[in-house]
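My entries follow in the order I made them.

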Amino acid sequence: MGRAMDKPADMFDRDHEWSALSRFITDPQPGATLGVVSGRRRQGKTFLLDAACRAAGGFYFGATEAADAESLRRISAALTAHVRPASPFHFANWSEAVDALLALDAESPVPVVIDEFPYLVKANPELPSIVQEALRPLRDQRAGSRTRLLLCGSALPFMGRLLSGSAPLRGRAGLELVVRPLDHRLAAEFWDISDPHLAMKVNAIVGGTPAYRREFARGDSPKGPDDFDAWVVRTVLNPETPLFREARYLLTEEPDLRDTALYLSVLAAVADGNATRAGMAGYLERKATDIAHPINVLEDAGLLHRDADVFRDNRPTYRISEPLIGFYHAIMRPVWDQLERPGSAARVWQASRRRFVSNVLGPHFEQVCRDWALHHADPELLGGLPARVGQGVVHDPKAKTGHEVDVAVIGIADGEKPPLLAVGEAKWNDIMGAAHIERLRHIRDLVTLTGRYDTTNTQLMCFSGAGFNDKAHAAAAADPAVRLIDLPILYGQASSSDQSAGNVPPR
């Protein structure tokens, strides 16, 4: 293994991604190798790959939407500027261009990045096959090369197909790296917010997309809890900032979204609380079959996420993956004409705050609670390692009703039935008490009757953004299966063992 590359000092986190790139790029084995890097837009892929090229003396080429001949001229000029050969490159076709990239440095590994690769393939669909042929195992140009070719793209459906099924490049990649948004804890650190209540509210709007602080909000972060409303008005709702139109641009930049009106309506339906296919169809006054295709396309593009119901088969619900798009549809799109007029933001936000809490912040808090249970909670606290964390509805045959479960933690099946490690309820604005705990006990009993999961050691978890009353603390002190999870715990600022023992005073 070659010497690891030094990560740039101004790169926040991305330690896993940088070390994966470093291992791939510095691998001293002979022969050219292929890597694929993907991720939604604005996650810092370009920054990451450009930094890797600088650290290892590589070549970076950013493709644009252009005719094939123009792209060939651009890469010819870029490679000429990089190599400074005796006579400039004039590639007649992509086979020539790829071979020139393979011939860059036969002595030591060298990264070669083609960013926004889908743009090139759109103009020339043969390009993946050309790369496949260039990287044929026994081909001399590949064997004698040390090029580490990295193809990067933001069009998730395309990037997913690149290495799947019968695709030409299937089985050729030595690296498949997905650059994901920062989770809620890293996002708080990135935005320099220590107050967990404020961090959650900001996260519900801008999520974990790094570009939204650096480029789009021009580094503007709320100065404290009292500055949150003013921050929303001066950044997200301000028509003079890039954040204002970002959600609209994200949709127009997706190559597979052609009839944007229908896709926008589907997202609006979800933002309005219609999480099922039937609910969306009713909202749009269409048949469920009519919206199956747009739902699938939005899902493939990473804009909609499907969550299976862990208690009922074939009852999935949908949520918007990108918080800023959810915020746009819930808060901005209905009053867009007002917002476009400068100076209207404060008036609009004043009237929209209640809707923000119910339609944006509440559902986002629930999702963060699920993410925490899956990725951050101590397995000892849960009584095992989670296999998956979801939500669902538990049927109550006596009452002839269904009980919604915000957080359901399923363990690894070690026998006939998988264990239900925990059932949880998440309330952003409510101080939780004994009634919430009793409700979870009842739900646990109902799940036991169905026989679907082993509920022997199921924990009862209350998640609250507002805290817990004395009765809740007393219940947690009396029953080790009751867990009270507040915002400091979700953000890693407190121990859940203290909380569940009832040692933390109510707020």
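**Entry 1: domains.** I began with the spacing of the domains: the C-alpha centres of domain 1 and domain 3 lie 47 Å apart. I noted the bounds as 15-178 for domain 1, 183-375 for domain 2 and 377-499 for domain 3. These bounds come from an automatic or database domain assignment.

**Entry 2: ground rules.** The model is predicted, so I kept in mind that local features need pLDDT of at least 70 and side-chain atom pairs pLDDT 80 or more, while totals for chains, interfaces and linings use all residues. Residues are numbered from 1 along each chain as its sequence is written, and side-chain values use heavy atoms, with hydrogens and water left out. Helices (H or I, at least four residues) and strands (E, at least two) are DSSP runs, numbered from the N terminus.

**Entry 3: a helix pair.** I looked up H3 (residues 68-83) against H4 (residues 94-102): the angle is about 25° and the axes are 11 Å apart. Axes are lines fitted to C-alpha atoms, for helices over the stretch in contact, and angles run from 0 to 180 degrees between N-to-C directions. I then listed the contacts (heavy atoms within 4.5 Å). On the H3 side they include Leu 72, Ile 75 and Leu 79; on the H4 side, Trp 94 and Leu 101 are among them.

**Entry 4: the sheet.** Which strand order does the open sheet have? I read S8-S9-S10-S11-S12, with mixed pairing. S8 and S12 (482-485) stand at the edges with a single partner strand each, so one side of each has no neighbour in the sheet. Neighbouring strands are turned by 30° against each other on average, direction ignored. Two strands pair if DSSP finds at least two bridges between them.

**Entry 5: the hairpin.** S8 and S9 (residues 401-411) run antiparallel, joined by 9 bridges. His 395 has Gly 402 in S9 as its bridge partner. The hairpin leaves 4 residues between the strands, and Lys 400 in the turn has a positive phi of about 50°. Is S8 (residues 386-396) mostly covered or uncovered? It is mostly covered: 8 of its 11 residues are buried (under 20% relative accessible area; exposed is over 50%, partly exposed in between, with a 1.4 Å probe and protein chains only).

**Entry 6: the parallel pair.** S10 (residues 420-427) and S11 (residues 459-464) run parallel, with 6 bridges. Gly 424 stands opposite Met 461 in S11. H21 (residues 434-450) packs on the sheet and touches S8, S9, S10, S11 and S12; its direction makes about 140° with that of S11.
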